[in-house]
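Subject: Structure handover

Hello,

Here is the structure I promised to pass on. Please open it first, then read my notes below.

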Amino acid sequence: MTRGFYIGRFQPFHNGHLNMVKQIAEDVDELVLGIGSADDSHTVRNPFTAGERIMMITKSLVEYDLVTYAVPIEDLERNSVWVSHVQSMSPDFDIAYSNNPLVIQLFREAGIEIRQSPMFNRDVLEGSEVRERMITDGDWQSLVPDAVVEVVEEMDGIERIQMVSDSDSNGD
Ligand code: NMN
């Protein structure tokens, strides 16, 4: 039995993430999705709460034959203890997945196997692209699973991200 750990901010969970989960599913029996920066929300970079991101992930993955766990991971001031913090919040895992250079470095130093994929770069680009389209009334819906459209609409997410973008104090 192999369990993976895929860490990301998932702001929002989009088709690049979904493709990544499908790719990781070929390696593992179970997958933990670590919801990074879980304590942040209501900013342009992190508009959605951990709970809202859990809904997006759970509803997007319900149709797939993979056991998944969504675990919120708050940010810490100390990078040196972040991997221990992750381990203290997550079910045990064998392989971590990320393309974030800091995340890769921290897991490597902790002696945990870390795999990256060229697709992760696309993820980062798509996350900011999805948020930009949400702010400018563009077509963000085609970049995310249908379940995410439903969750964002249910919580008036577009109104929120446009409001925090207007207030212009939290941009990245
Ligand atoms: O690759 P992304 O989508 O940015 O996700 C990585 C996540 O891991 C982010 O939420 C980031 O804040 C988090 N992280 C936190 C620490 C810390 O709290 N010291 C260190 C490395 C990564």
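A residue is called buried if 20 or more other C-beta atoms lie within 10 Å of its own, exposed if 12 or fewer, and partly exposed in between, with C-beta atoms placed from the backbone. Helices (H or I, at least four residues) and strands (E, at least two) are DSSP runs, numbered from the N terminus. On that basis S1 is mostly covered, with five of its six residues buried.

Two notes on provenance. This is a predicted model, in which local features need pLDDT of at least 70 and side-chain atom pairs count only at pLDDT 80 or more, while totals for chains, interfaces and linings use all residues. Residues are numbered from 1 along each chain as its sequence is written.

The sheet

Start with the sheet. Five strands form an open sheet in the order S3-S2-S1-S4-S5, and the pairing is parallel. Strand S3 (67-72) and strand S5 (113-115) are at the edges with a single partner strand each, so one side of each has no neighbour in the sheet. From one strand to the next, the twist averages 25 degrees. Angles run from 0 to 180 degrees between N-to-C directions, and the axes are lines fitted to C-alpha atoms, for helices over the stretch in contact.

Two strands count as paired if DSSP finds at least two bridges between them. S1 and S2 pair in the parallel sense over six bridges. S1 also pairs in the parallel sense with strand S4 (residues 95-97), over three bridges. In S4, Gly4 stands opposite Ile95. Strand S2 (residues 30-35) has five of its six residues buried, so it is largely enclosed by the rest of the structure.

The helices

Now H4. Val103, Leu106 and Phe107 are buried in H4. They lie on the same side of H4, because they cover an arc of only 95 degrees around the axis. The arc is that of the directions from the helix axis to the C-beta atoms. Pro101, Gln105 and Glu109 are exposed on the other side of H4. The buried residues of H4 pack against S1, helix H3 (82-89), S4 and S5. Contact here means that the C-beta atoms of two residues, placed from the backbone, lie within 7 Å. Just after H4, Gly111 has a positive phi of about 75 degrees.

Helix H1 (residues 15-24) has Gly16, His17, Met20 and Val21 as its buried residues. They cover an arc of only 140 degrees around the axis, which puts them on the same side of H1.

The ligand

Which residues come nearest to the ligand? Of the 14 residues around the ligand, they are Gly8, Gly36, Ser37, Asp75 and Asn100. The cut-off for being near is a C-beta atom, placed from the backbone, within 6 Å of the molecule or strand. Strand S1 (3-8) and helix H4 (101-109) each supply at least two residues of this shell. H4 gives the most, with three residues. By class, the shell has six nonpolar, six polar and two charged residues. Ala, Val, Leu, Ile, Met, Phe, Trp, Tyr, Cys and Pro count as nonpolar, Asp, Glu, Lys and Arg as charged, and the others, Gly among them, as polar.

Loops to check

Pro12 lies in the loop between S1 and H1. The peptide bond from Gln11 to Pro12 is cis, with omega near -5 degrees.

His42 is in the loop between S2 and helix H2 (50-61). Its phi is near 60 degrees, a positive value in a residue other than glycine. His42 is partly exposed, with 14 other C-beta atoms within 10 Å.

Asp156 sits in the loop between helix H6 (146-154) and helix H7 (157-167). Asp156 also has a positive phi, about 55 degrees, although it is not a glycine. Asp156 counts as exposed, with 10 C-beta neighbours inside 10 Å.

Leaving aside neighbours within four places in sequence, Phe93 is in contact with Arg3, Gly4, Phe5 and Val32.

Best wishes
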